[in-house]
Amino acid sequence: MSTSSTPSTPTPVTEKKVRQRIRAKKPKVRSGCRTCKIRHAKCDETRPFCLRCLKFGADFCAGYDSPPTQASLLRAQSAAAALNQTNSSVSLRRIVPATVKEDVNLGLGFVKFRTQDEYCSFAYYCEEVAPRLSYSSRTVWMGTVLREAETLEFIRCAVVAIGCLSRVSRAEGRGGYEDFETRRCREVALDHYGRFLNGTKKYMAGVTRDEGRRLTMIACLLVVCIENMQFNSKGALAHALQGLQLVEEMKMKDSASPPSPMVIEERLVEQFERMELLVLGKTVVDKSGDKHGKGDIDIENMPGTFTTIDEASTYFHLVGRKAYHWIAATQRDKKRAYTDIENDSNYGQSPDIRRLRARLHDQQENIQAELRRWRQAFSPIATSALQNLESIEAFEALLKKAHSIVASLRVADHLAQTELHWDNHISQMQTIVSIGRILLNHPLWVERQFSFEGGLIVPLMLVAMKCRSRMLRREAIDLLGKRYWREAHWCSTTNAEAGRILVDLEEEGVETDFIPEWARVDIIGVKMCQETQTVRLTYIRGAGDKAERLECVRDWSWDIPRPLEMEALPQKLSPRQVPKPLERRPQGTEDES
């Protein structure tokens, strides 16, 4: 049987596939940017750099060869109009977070980044770090700083450094070991911090003192923030003191002459005044005596009932600043009024000493009366805010209430001659612990967060150090050690361990529920040794003639819960190895707690 060899015809399916591969011929567009031409991608022809390339980085677009056409100019105008609209469909990197308050008027624009790490750290600062750097006002960190970062590269470097250090802190909480990404993030933080310092010096060299003082204040806040994040409390304190001195010189000059045309925001000055309270908790500021009386006129105008949380915060800042300055300013008078000279039994009965004591008690009562007035004016708005415990108003109200209690207790303790007076304030300490329990479970509370200001650590630490009710004291210590977070130069876990050490010292040989006066301890010296990872405490136990000066050595190797494998890694930012700007210290350096 013969077979015919006829050529096979293509099937309909094959013809369909062939037809699908055929591309329609279109005229080649030569007006796109150089980068899109190389990538054979469709360019949107936005001038001077196309938006498609800017999504991948600031230096990704190589520009254009040909002059702009009429169509590209129209596209650029439409893109600019869409940028000014809040519902723009163009995917741009915003310099401000979407959660910024409406009262902060900021311009939007492009931020040029060199690497992906810069972009991620900057975005992390905008979205996660800036809203939590301040418990009182977010305008400075979410508004003023970001506005300057939009135009000044060295300010942007500081923002990137803060974002990198925050990312490192969050990564360390996952346990295990420090991976390559975390180490690289540390290097990016150090590099950008150095670029920020060098850029600040160059900028200040080209402007006058009056022109550069506003930016100097912003740079000071950024330096203090970064130094505290690196556990360098000494460097942060030194820069804070210099910044406060600059603000005082600025106020004196403005009061003696017409004000400078350079406008400095009120929120920026208030941020420095809140930082001043942190400095007063660390050291005694010179010339505090002429400050604790300032603000009396404003305090006299305090309303009977506050209408907003911000109004309550403003007046509490005035009263609290006056209280802490009074404590710092009257240290010498207190010592002179209540320390008897040896072999002089009539020292306390002299007319000068009696007048001095009467003046101190009058000042103390005036400040306590102002604090009571503030609490009465704050009570209605606090009650209204606490109806919804998960709101941000409730969070701020509870924190303000805790701070007001701490201020009142600190003023009451200043002239007290015995530790037994703390037993009269157990109910107030119970309120602080209850507030701490609520805030640590609040939806706004974030694990391992860092705040530029004082928040919850100081109130809980006051209870841990001064409350002699065993159950209440242990609950405050447990709250501090329950989660790891930081506020300025304070660390929750570090203070929790310090509280446990004090409990061990005071409860040694005591079987009663309350600690008697002979067992109470006043720590007067702390010396840390980083080589042996120990701390030497000098303290006085007891009161009066039975007081004893004692010393003890405690283990300090726990410090902050970090992975064990990190000990062998160089160039790490930790309390045991605190780097200075632009350099890295070897292991084994010392630092104060």
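Trainee: Leaving aside neighbours within four places in sequence, what is Pro459 in contact with?

Mentor: In this predicted model, Pro459 touches Ala402, His403, Val406 and Ile432 once those neighbours are set aside. Contact here means heavy atoms within 4.5 Å.

Trainee: And where does Pro459 sit, buried or exposed?

Mentor: Pro459 belongs to helix α18, residues 457–466. Its relative accessible area is 1%, and buried means under 20%, so Pro459 counts as buried. Pro459 and Ile405 are 54 residues apart in sequence, yet their C-alpha atoms lie 8.3 Å apart in space.

Trainee: Switching to helix pairs: why are α17 and α19 called roughly parallel?

Mentor: The axes of α17 (residues 426–440) and α19 (residues 470–482) cross at roughly 30° and come within 10 Å. Angles under 35 degrees count as roughly parallel, so this pair gets that label. The crossing is left-handed.

Trainee: Which residues of α17 and α19 meet?

Mentor: From α17 you have Ile426, Met429, Gln430, Val433, Gly436, Arg437 and Leu440; from α19, Leu472, Glu475, Ala476 and Leu479. That contact splits into 7 nonpolar, 2 polar and 2 charged residues, with Gly counted as polar.

Trainee: What makes β1 and β3 edge strands?

Mentor: The open sheet runs β1-β2-β3, with mixed pairing. β1 (450–451) and β3 (490–491) each pair on one side only.

Trainee: How do you know that β1 and β2 pair, and in which sense?

Mentor: Pairing takes at least two bridges. β1 and β2 (residues 486–487) have 2 bridges, in the parallel sense, so they qualify as paired. Phe450 stands opposite Arg486 in β2.

Key
Residues numbered from 1 in each chain as written. Predicted model: local features only at pLDDT ≥ 70, side-chain atom pairs only at ≥ 80, totals over all residues. Heavy atoms only, no water. Axes fitted to C-alpha atoms, helices over the stretch in contact; angles between N-to-C directions. Helix = DSSP H or I, 4+ residues; strand = E, 2+ residues; numbered from the N terminus. Parallel < 35°, antiparallel > 145°, perpendicular 65-115°, else oblique. Left-handed = near helix turned anticlockwise from the far one by under 90°. Buried < 20%, exposed > 50% of the residue type's maximum accessible area, 1.4 Å probe, protein only.
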